[in-house]
Amino acid sequence: MLFLAADLALKLTPGPDMALTLTRGMTQGFRVAWMSVLGTFCAGFVQIPLVVLGLAAIFRESPGLFMAVKLLGALYMAYLGVQALRRCRHARTLASATARGDGRDVFIQGFMTNLLNPKVFLFLIAFLPQFTDPAQGPVWLQMLVLACASKVFGLFSGATYAWGASRIRNWLTRNDWFLRAQEGALGSMMLAIAGYMIFSADAPARTDMAR
């Protein structure tokens with residue numbers, strides 16, 4: 001129960017995944033937003049084995065690799081931000097994108113956004129062991145169960161965000177100014193997240209400097 005409570009608190013924290021889901025739900029409806037949530041969820045099929053097998057510990061031991069992956073993720077965030085700002089400037093393009101909604105592209109965006117954020121790996125490494133007990137059995141198995149539970153929990157919470165955002169879609173389609181403002185806010189947020197991912201002082205970097 002303590003794990004579920006802590007995980008819920010983290011799911012309520014705004015981030016790139018939530019921003020994409022809310023944006024898709026408000027502008028393109030539940031189906032498209034759901035594809036973004038599925039993309040985020042499926043990234044776990046890569047992340048969980050890496051964490052459970054211990055390969056993600058490389059991020060803690062190799063600040064250079066950590067920075068390389070973080071830079072790649074930040075560039076992808078910046079790309080999404082620029083695309084959103086471009087849609088914000090062109091109302092016709094925005095209306096067309098809102099009506100079309102390519103589920104495959106949205107799925108890939110959700111997948112890559114989550115996968116290319118190395119802080120997800122670091123979070124799993126730091127968070128999961130706190131709720132394991134060697135006396136209860138193999139630690140790797142406990143971490144596997146907890147990681148899968150966290151991802152499934154994220155799937156349901158993401159679906160909730162997508163459904164809630166899609167409920168106000170009809171109002172949004174009658175108010176183009178809000179669509180433009182929303183895309184502008186998303187673009188600015190993505191660029192800010194990209195900047196934060198690049199310039200924030202992360203634990204691995206601080207550890208390396210201490211050495």
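Helices here are DSSP runs of H or I with at least four residues, strands are runs of E with at least two, and both are numbered from the N terminus. We're working on a predicted model, where local features need pLDDT of at least 70, side-chain atom pairs count only at pLDDT 80 or more, and totals for chains, interfaces and linings use all residues. Residues are numbered from 1 along each chain as its sequence is written, and side-chain values use heavy atoms, with hydrogens and water left out.

**Exercise 1. Work out the overall make-up of the protein chain.**

Step 1: count the elements. You get 13 helices and zero strands.

Step 2: check burial. Buried means under 20% relative accessible area, exposed means over 50%, and partly exposed is in between (1.4 Å probe, protein chains only).

Step 3: look at contacts, meaning heavy atoms within 4.5 Å. Among contacts with a separation of 6 or more, 85% link residues 24 or more positions apart.

Step 4: get the surface. Using Shrake-Rupley areas with a 1.4 Å probe, where for residues only the protein chains shown count as cover, the chain exposes about 11300 Å², and carbon and sulfur atoms supply 69% of that.

**Exercise 2. Find the nonpolar cores and say which elements build the largest one.**

Step 1: set the rule. A nonpolar core is a set of buried Ala, Val, Leu, Ile, Met, Phe, Trp, Tyr and Cys residues joined through side-chain atoms within 4.5 Å.

Step 2: apply it. The largest core has 16 residues, and F3, V51, L115, L124 and L128 have the most contacts inside it.

Step 3: assign elements. Two or more residues come from each of α4 (44-52), α8 (103-115), α9 (118-127) and α10 (139-167). The top contributor is α9, with five residues.

Step 4: look for others. Apart from this core lies another of twelve residues, including A19, M190, I193 and A194.

**Exercise 3. Locate a nonpolar surface patch.**

Step 1: Patch residues have over 30% relative accessible area and no salt bridge; like charges are joined within 9 Å, and nonpolar side chains (Val, Leu, Ile, Met, Phe, Trp, Tyr) within 5 Å.

Step 2: L71, L75, I198 and F199 make a patch of about 420 Å². Helices α6 (63-89) and α12 (176-199) each give two or more residues to the patch.

Step 3: check one member. L71 lies in α6 and is partly exposed, since its relative accessible area is 42%.

How values were computed: Salt bridge = Lys/Arg side-chain N within 4 Å of Asp/Glu carboxyl O.
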